[in-house]
Amino acid sequence: KNLEEYSYFAETAIFVPLKAFITKEIHNNTMEKKFKRTTVTSALPYANGPVHIGHLAGVYVPADIYVRYLRLKKEDVIFIGGSDEHGVPITIRAKKEGITPQDVVDRYHTLIKKSFEEFGVSFDVYSRTTSKTHHDTASDFFRKLYDKGEFIEKTSMQYYDEEAKTFLADRYITGECPHCHAEGAYGDQCEKCGTSLSPTDLINPKSAISGSQPVMRETKHWYLPLDKHEEWLRQWILEDHKEWRPNVYGQCKSWLDMGLQPRAVSRDLDWGIPVPVEGAEGKVLYVWFDAPIGYISNTKELLPDTWEKWWKDPETRLVHFIGKDNIVFHCIVFPAMLKAEGSYILPDNVPSNEFLNLEGDKIFHFHATGRYGCTSISLTSPASRMCCATC
C-alpha cells in the first residue's frame, strides 16, 4: 500500500513530524553509520479496553508508515507489537465484572489484535505478555539482574487489608482527597481534581476490596537503582542523542536534572509474573518492568533461532514508536534495564507523538464517507466523531 492511503490523517499533524523524522533518516543513512537491520517496536496497548483512534494516530500509523518506508527501500526490518496484560487496572475490571483477569485480557487482546488487522497495521508479530515465552523471558531477565547484584532490597510500610488478607495496591485504596475533598479518590490519583497522590495522603482510607480500614504492615521489594545509571544516561541522551525530538529530549532532561531515584520492580499482587527468587511468595514483577521485555519475548516468538541478532548485534538499529506518556520508560528505565543486563543494544531513536484527542470542541473539518454511511463534516456527538474516524 502506498502512503497516500493515509492522507486523511493529515489534519492530525502526523505527517509533519513523520516527514521530518524520515527526512532525518535519509540524512543519517547517508552521513552516518549504516545499520544492517532495524528493529521497530510500537508501544504495547493495555488489554483493559479497545484501542482508541488517538492511539492509532499517535503511535501505530506512524510506526506502520515508517516500516513500510524501510520495506520499500528493501531494508531488513521487523515490526514488533503485542498486548500489555498485567497490572492492577486489569484486576479491578475483573473484580467489577465477576470474571478472572485472564478473561479480561483474552477479550481485549483478541479485540485489539483484530482492530489492528482490519486497519492494516503490518506487524510481523502481535503477541502478548501472558504467553509462556514472555513469562520465561521476563523471569530470566529479572534473575540475571538479581544474580549480578543489580537490584537493591528495601522494606517499606504498605497498607494491608486484614479481612482480605492481602497488601493493597494504590488503586485498591480509596478515601477523601486531601486537596478537593472529593470522596472516592484513589491511592495514586484523585479523578476529580487530577492531583497525584500517595495512599497515605488520603483522608479516612478504605480498602476497595473489603471496605474495611486498612492497616500499615511491613513488606519487602526489589528496586532498580536508576540513580546508579544517571551519569551514563545523561551522556547517552543529552550529549549523544541531541537529534531526538524536542518533546523526548526535553522530558528526559527534566527527569535527569531532578535526579533519578530507585524504582520498585516488584509488588504485592496475585496477577502477574511471580518474582523468581526465594522468599517472594505473593509478589509479582511490576508491570512497568515486565511490559517492555515483551518486545524481546515477542521477537523470540517470531524468530526463535535468530532473535538475538535483532536485539544484541551492534549493527542492528532499535527504534521505539510511543506516545508521550511512555517517554521516560523507553528512554531512561528500559535502557537502564538493558544496560544492567549487559548484552543488549540500546534504542537509537524514540519518536514520540501526541495522541489525537477527539474530545471537547476538537472537530474534523474534512468530508468523510465510508462503509457505515457517515458523511458528516461537523461532528458533535461522541458516536458520530468515532464513526467518522473509523470511516
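Select Phe142 to begin: at 0% relative accessibility, it counts as buried. Keep in mind that you're looking at a predicted model.

How many aromatic pairs does the structure hold? There are 20, and Phe142 with Trp222 is one of them: the ring centres sit 6.4 Å apart and the planes meet at 85°, so this pair is edge-to-face. Colour by secondary structure and you'll see that the pair links distant parts of the chain. Phe142 belongs to helix α5 (residues 132-147), while Trp222 is in strand β9 (residues 215-224), 80 residues apart.

Next stop: pick Phe151 and Phe289. Their planes are at 65° and their ring centres 6.2 Å apart, so here's another edge-to-face pair. Phe151 is in the loop between α5 and β4, Phe289 is in helix α8 (residues 287-302), and 138 residues separate the two. Are they buried or exposed? Phe151 counts as buried at 10% relative accessibility, and Phe289 counts as buried at 0%.

Take Phe141, Phe142, Tyr146, Phe151, Trp222, Trp288, Phe289, Trp307 and Tyr344 together: they form one aromatic cluster.

The charged end of Arg263 sits over the Trp288 ring, 5.4 Å from its centre.

Conventions:
Residues are numbered from 1 along each chain as its sequence is written. This is a predicted model: local features need pLDDT of at least 70, side-chain atom pairs count only at pLDDT 80 or more; totals for chains, interfaces and linings use all residues. Side-chain values use heavy atoms; hydrogens and water are left out. Rings of Phe, Tyr and Trp (its six-membered ring) pair if their centres lie within 6.5 Å; planes under 30 degrees apart count as stacked, over 60 as edge-to-face and the rest as tilted. Helices (H or I, at least four residues) and strands (E, at least two) are DSSP runs, numbered from the N terminus. Buried means under 20% relative accessible area, exposed over 50%, partly exposed in between (1.4 Å probe, protein chains only). A charge sits over a ring if NZ of Lys or CZ of Arg is within 6 Å of the ring centre and within 35 degrees of the ring normal.
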